[in-house]
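Look at the sequence and the model first, then read on.

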Amino acid sequence: ASSATPLRISYWRRTHSMEATPIHNHKPTYFVFSTWWVLAILGTAVLCVLYVANTSAKKTVHAVLRGFGVSVRRIPRVIKELQRKGFHFTGALIPIIYLIGLNWTTFLDQRGTSFLLFGITFCYFVWDFLRLYNTTVRRIYEERFGFLLRDKERNAFTGTLFYFIGATISVFCFSPPVAVAGILFLIVGDFMAALVGISVGKIKIGKKSLEGSVACFISCFFISLLIFWHVPLGEQLAFWGSLAATVTELLNPSWVDDNLSIPVISGIAMHLIAIRLGITIPEIEGVQPIS
């Protein structure tokens, strides 16, 4: 190819070869079909969790949980966690919008999505600040969303703000599949760790449980395998990214919100592993790919 014809490298291949194609009138496909299966499964899980958490048939919910081996004394806490974490599943809108923007728009690329998330984060910061220091806003929030708050969040910034910050950093700093994987690690992995840990966790590791951590790792590994299926050595990215997310969820210090630490630390881990093993991650517009 001549110097006047820039090339884009297509990486989403099952083989280790790379194909160079002219970029004229060409918009890259950042994700393969398997990624959409991840989001389809995630969407189905969201609907199921929200239904179970909010159904008025309390006896049915109790019966389902008992059928999964959850002890009677743990059921109220499990239901409360389902309600809180189920609402947090709406955070999956960010990777969904990001994927749609990358593939079918010209403005919601990495830069555009980063600016959008920065604006949303700033607006939510103002709202959360007013909740803390304005009695009217606090009363409205408590009436409508108080059940979602943990005790430590009632007089501090909520985990949602840190989720927006973590998502913004991930989208801005990492390639699209790494950013999406890190965000889904938080949404799904943290949910599974809490749900399994509260329901059946017996082997304690600090305040967490071994069972919850295993559930977190398995769910993260499954998601990232689908995302990196067509990347050579993608299983290495999946393994180390999932391990980083699991360890972060398990050992996260109390003064750092895991809504921020999980996507950022797991993203850094996958980024560094890609450099160390020479794994090529799909490029971002205007940025040279890792090699």
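In this predicted model, helix α5 meets helix α7 through two sets of residues, with contact meaning heavy atoms within 4.5 Å. On α5 they are Gln-110, Thr-113, Ser-114, Leu-117, Phe-118, Ile-120, Thr-121, Tyr-124, Phe-125 and Asp-128. On α7 they are Thr-160, Leu-161, Phe-164, Ile-165, Ala-167, Thr-168, Val-171, Phe-172 and Cys-173. The residues of this contact divide into 12 nonpolar, 6 polar and 1 charged. Here Ala, Val, Leu, Ile, Met, Phe, Trp, Tyr, Cys and Pro count as nonpolar, Asp, Glu, Lys and Arg as charged, and the others, Gly among them, as polar.

Helices (H or I, at least four residues) are DSSP runs, numbered from the N terminus. Residues are numbered from 1 along each chain as its sequence is written. Local features need pLDDT of at least 70, side-chain atom pairs count only at pLDDT 80 or more, totals for chains, interfaces and linings use all residues, and side-chain values use heavy atoms, without hydrogens or water.

Axes are lines fitted to C-alpha atoms over the stretch in contact, and angles run from 0 to 180 degrees between N-to-C directions.

| Pair | Axes come within | Crossing angle |
|---|---|---|
| α5 and α7 | 9 Å | roughly 165° |
| α7 and α11 | 7 Å | roughly 20° |
| α8 and α11 | 8 Å | roughly 135° |

Angles under 35 degrees count as roughly parallel, over 145 as roughly antiparallel, 65 to 115 as roughly perpendicular and the rest as oblique. α5 and α7 are therefore roughly antiparallel. Their crossing is left-handed: the near helix is turned anticlockwise from the far one by less than a right angle, while clockwise would be right-handed.

Helix α7 (residues 159-173) also packs on α11 (residues 258-277). Its axis runs at roughly 20° to that of α11, so the two are roughly parallel. This crossing is right-handed. Gly-159, Phe-162, Tyr-163, Ile-165, Gly-166, Ile-169 and Ser-170 of α7 touch Asn-259, Leu-260, Pro-263 and Val-264 of α11. The contact has 7 nonpolar residues, 4 polar and no charged.

α8 and α11 are oblique to each other, in a right-handed crossing. From α8 come Val-178, Ala-181, Gly-182, Ile-183, Phe-185, Leu-186 and Asp-190. From α11 come Asp-258, Asn-259, Ile-262, Pro-263, Ser-266, Gly-267 and Met-270. The count is 8 nonpolar, 4 polar and 2 charged.

Next, the core. A nonpolar core is a set of buried Ala, Val, Leu, Ile, Met, Phe, Trp, Tyr and Cys residues joined through side-chain atoms within 4.5 Å. The largest has 42 residues, and Ile-187, Phe-228 and Leu-237 touch the most other members. Helices α4, α5, α7, α8, α9, α10 and α11 each supply at least two residues. α8 gives the most, with 13 residues. Beyond neighbours within four places in sequence, Ile-187 contacts His-88, Phe-89, Gly-91, Ala-92 and Tyr-163.

Two single residues remain. Ser-242 sits in α10. Its relative accessibility is 0%, so Ser-242 counts as buried (under 20% relative accessible area; exposed is over 50%, partly exposed in between, with a 1.4 Å probe and protein chains only). Leaving out residues up to four places away in sequence, Ser-242 touches Phe-185, Phe-217, Cys-220, Phe-221 and Ser-224. Leu-233 lies in the loop between α9 and α10. Its phi is near 60°, a positive value in a residue other than glycine. At a relative accessible area of 32%, Leu-233 is partly exposed.
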